[in-house]
Amino acid sequence: GGYASAPSHVSAHSDSITQRHAQTPALWRGSLVRHVGAPSADDKGIGVVLGQTLSGQNYVKFVIPGQPASSRGALLEGDHVLQVNGVDMTSKSIPEASQFLRGPAGATFSMVVGRRGERISVFLSL
């Protein structure tokens, strides 16, 4: 055939990624905000893992200690992400919503979250 096999370093690299991924807790797989692709490699996330309810509502599944979202209890597990910087998040997929929670150093985020039946404004900066 006309196809060359992939160099051995490519498959070895893929195997190591697969093994690392398999060791990642299922809770974090694919939904860690800071690991979602972004316009710039220098962009950072606010430090949350998003989940989605059966009805499609994004919520904070986990807050990563030491990240902006954990500062002074800004975001809590179970908070529903309603708006980010004026944009409605209620119909966004996790990857779509995650893009609104990333930015360069100094970026600010004005959020509205649902917490125990109340709408709460949260302001974060990277």
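**Entry 1: starting at Asp79**

I began with one side chain: that of Asp79 reaches the backbone nitrogen of Leu76 at 2.9 Å. I log this as a polar contact (a pair of N or O atoms within 3.5 Å; within protein, one must be able to donate a hydrogen and the other to accept it, and residues adjacent in sequence count only if both atoms are side-chain atoms).

A note to myself before going on: this is a predicted model, where local features need pLDDT of at least 70, side-chain atom pairs count only at pLDDT 80 or more, and totals for chains, interfaces and linings use all residues. Residues are numbered from 1 along each chain as its sequence is written, and side-chain values use heavy atoms, with hydrogens and water left out.

Where does Asp79 lie? I found Asp79 in the loop between strand 3 (58–63) and strand 4 (80–84). Helices (H or I, at least four residues) and strands (E, at least two) are DSSP runs, numbered from the N terminus.

Is Asp79 buried or exposed? Asp79 is buried, with a relative accessible area of 2%. My cut-offs are: buried under 20% relative accessible area, exposed over 50%, partly exposed in between (1.4 Å probe, protein chains only).

I then listed what surrounds Asp79. Leaving aside neighbours within four places in sequence, Asp79 is in contact (heavy atoms within 4.5 Å) with Asn58, Tyr59, Val60, Ala74, Val113, Gly114 and Arg115.

**Entry 2: the salt bridge**

I next looked for salt bridges (a side-chain nitrogen of Lys or Arg within 4 Å of a carboxyl oxygen of Asp or Glu). How many are there? The count comes to one salt bridge.

Which side chains meet in it? They are Arg115 and Asp79, at 2.7 Å from N to O. The pair links distant parts of the chain, with Arg115 in strand 7 (residues 108–115) and Asp79 in the loop between strand 3 and strand 4, 36 residues apart. Both Arg115 and Asp79 are buried.

I followed Arg115 into its strand. Six of the eight residues of strand 7 are buried, so strand 7 is largely enclosed by the rest of the structure.

I checked pairing next (two strands pair if DSSP finds at least two bridges between them). Strand 7 pairs with strand 4 in the antiparallel sense over four bridges, and His80 stands opposite Gly114 in strand 7. With strand 8 (118–125), strand 7 pairs over eight bridges, again antiparallel. Val113 has Ile120 as its bridge partner in strand 8.

Strand 7 and strand 8 form a hairpin with two residues between them. Arg116 sits in that turn with a positive phi of about 50°, although Arg116 is not a glycine. Arg116 is exposed, with a relative accessible area of 74%.

**Entry 3: strands 2 and 3**

Strand 2 (residues 48–52) has four of its five residues buried, so strand 2 is largely enclosed by the rest of the structure. Five bridges join strand 2 to strand 3, and the two run antiparallel. I noted Phe62 in strand 3 as the bridge partner of Val49. Five residues lie between the strands of this hairpin, where Gly56 takes a positive phi near 95°.

**Entry 4: two more residues**

Asn85 has a positive phi near 50° and is a residue other than glycine. I placed Asn85 in the loop between strand 4 and strand 5 (87–88). Asn85 is partly exposed, at 43% relative accessibility.

Pro95 is in helix 2 (residues 94–99). Pro95 is also partly exposed, with a relative accessible area of 46%.

**Entry 5: stepping back**

I counted two helices and eight strands in the protein, in the order α-β-β-β-β-β-α-β-β-β. Buried residues make up 33% of the 126 residues. Of the contacts between residues at least 6 apart in sequence, 48% join residues at least 24 apart. The protein exposes about 7,600 Å², with carbon and sulfur atoms supplying 54%; the areas come from the Shrake-Rupley method with a 1.4 Å probe.

Last, I looked up pLDDT (the predictor's confidence in each residue, from 0 to 100). The mean is 75, and 67% of the residues reach 70 or more. Confidence is lowest in helix 1 (residues 8–23), at a mean of 40, and highest in strand 4, at 95. Over residues 1–39 the pLDDT is below 50, and this stretch has 36 contacts in the model beyond near neighbours in sequence.
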